[in-house]
Amino acid sequence: MNTAGKITSFTAALTVSFGAAYGLGNTVGPVGGTGPAPRADHTDRAEQEGAGDGGDHAESAAGGLQVSEDGYTLDLLTPRLKAAQEGELRFAVRDAFGRPVTSYQREHGKELHLMLASRDLATYRHLHPTRAADGTWSTPVSLPAAGDYRVFADFAPGAKNAPDLTLGADLAVAGTYKPAELPKPSRTATVDGYTVTLNGNLRPGVAEDLTFDVRKGGKPVTDLDPYLGAYGHLVALRAGDLAYLHVHPDGAPGDGRTEPGPAVTFTATAPSSATYRLFLDFEHDGTVRTAAFTVRAGAPATSPEPDGPASGHEDGAHGH
């Protein structure tokens, strides 16, 4: 998940990861295989996975399917909340000896990135929790609807040679539950007067460019604000099992080549043929917004996509 370079949770030529906030939400389909869930790689591993050569590949890295990996465990201290009430979400990351981790590598300005999504992907949050000296993390959160949620902790422990990890745990939210339908695939999404258009295709086993064009009132937005060290952050969740992919954009503010809009480009490889929900976080005029898209991976690159705008009003309120 390092800022520089070409990276991979989607096995990309760019930094990969999942996360977002204040916007729209819904995702993806099941992960195959009976072995351990694949890891979410975050730094310069595209060569190892053969991304971009167009050949046959094993599944690309996907994270968030395991509560424990490489000796680290996500301990969700708040296993349940109530719908439509603000509560406190508390958790810790524990090492192989059960001790809370208190040392982390800072990535994109944070020690840990916390994402939360409902199983029907109608609600999505990118939260910024606070760590106490004893290693316990906490953040206020209010979730509008009852149901099953998945919490994703994206981090790299401070120990030497420690891996980048995305661990996941289930959160129950009490109340009357009515699952939402996944929005149909669309190339456009609207949020708070902004229109975001997706160009490119997501395909399994092949690195593809995904470019998002941001406009307001029909005019290109050319002065996006840096947000966590980038002009956009893209998180993808696979419908069905919520396999987590976190993708960062190509380039960074101040690198002498990356413009602050209207286009934000990512390189991504889908881990499998499935339906995915993409969450693009971008900041403009001091406010972070999230545009969400439903896409299908596995269709030919030339196949037509529905043109209708994606709903920009699913719950994806920001957690900043």
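By class, how many nonpolar, polar and charged residues does the lining of the largest pocket have? In this predicted model, the lining of the largest pocket is made up of five nonpolar, four polar and three charged residues. The pocket has a volume of about 150 Å³. Its lining consists of Tyr 231, Pro 249, Asp 250, Gly 251, Ala 252, Arg 257, Thr 258, Glu 259, Gly 261, Ala 263, Val 264 and Thr 265.

The protein contains one helix and 20 strands. Of its 320 residues, 54% count as buried. Among the contacts with a separation of 6 or more, 72% are made by residues 24 or more positions apart.

The largest nonpolar core has 31 residues. Leu 202, Phe 212, Tyr 276, Leu 278, Phe 282 and Phe 293 are the residues with the most contacts inside this core. At least two core residues come from each of β11 (188-191), β12 (194-199), β13 (208-216), β15 (233-238), β16 (244-247), β17 (263-268), β18 (274-284) and β19 (287-297). Strand β18 gives the largest share, five residues. Another core, of 28 residues, lies apart from the largest one and includes Ala 83, Phe 91, Leu 114 and Leu 167.

Strands of a sheet pair through backbone hydrogen bonds, in either a parallel or an antiparallel sense. Strand β9 (residues 147-155) is mostly covered, with eight of its nine residues buried. Strand β5 (residues 112-118) pairs with β9 in the antiparallel sense over seven bridges, and Met 115 has Phe 152 in β9 as its bridge partner. Strand β9 is also joined to strand β10 (residues 165-174), again antiparallel, by nine bridges. Here the bridge partner of Ala 153 is Leu 167 in β10; Leu 167 is also among the residues of the 28-residue core.

An open sheet of five strands has the order β1-β2-β4-β8-β7, and its pairing is antiparallel. Strands β1 (68-69) and β7 (130-131) stand at the edges with a single partner strand each, so one side of each has no neighbour in the sheet. Within this order, strand β4 (residues 86-94) and strand β8 (residues 136-142) pair in the antiparallel sense over seven bridges. In this pairing, Glu 88 stands opposite Pro 140 in β8.

Terms used:
Residues numbered from 1 in each chain as written. Predicted model: local features only at pLDDT ≥ 70, side-chain atom pairs only at ≥ 80, totals over all residues. Heavy atoms only, no water. Core = buried A, V, L, I, M, F, W, Y, C linked by side-chain atoms within 4.5 Å. Buried < 20%, exposed > 50% of the residue type's maximum accessible area, 1.4 Å probe, protein only. Helix = DSSP H or I, 4+ residues; strand = E, 2+ residues; numbered from the N terminus. 1 Å grid on protein atoms, 1.4 Å probe; cavity = no way out; pocket = protein on both sides within 12 Å on 5 of 7 lines; lining within 4 Å. Points joined across faces, edges and corners; volume = space filled by probe spheres on them. Nonpolar A, V, L, I, M, F, W, Y, C, P; charged D, E, K, R; others polar. Pairing = 2+ DSSP bridges. Contact = heavy atoms within 4.5 Å.
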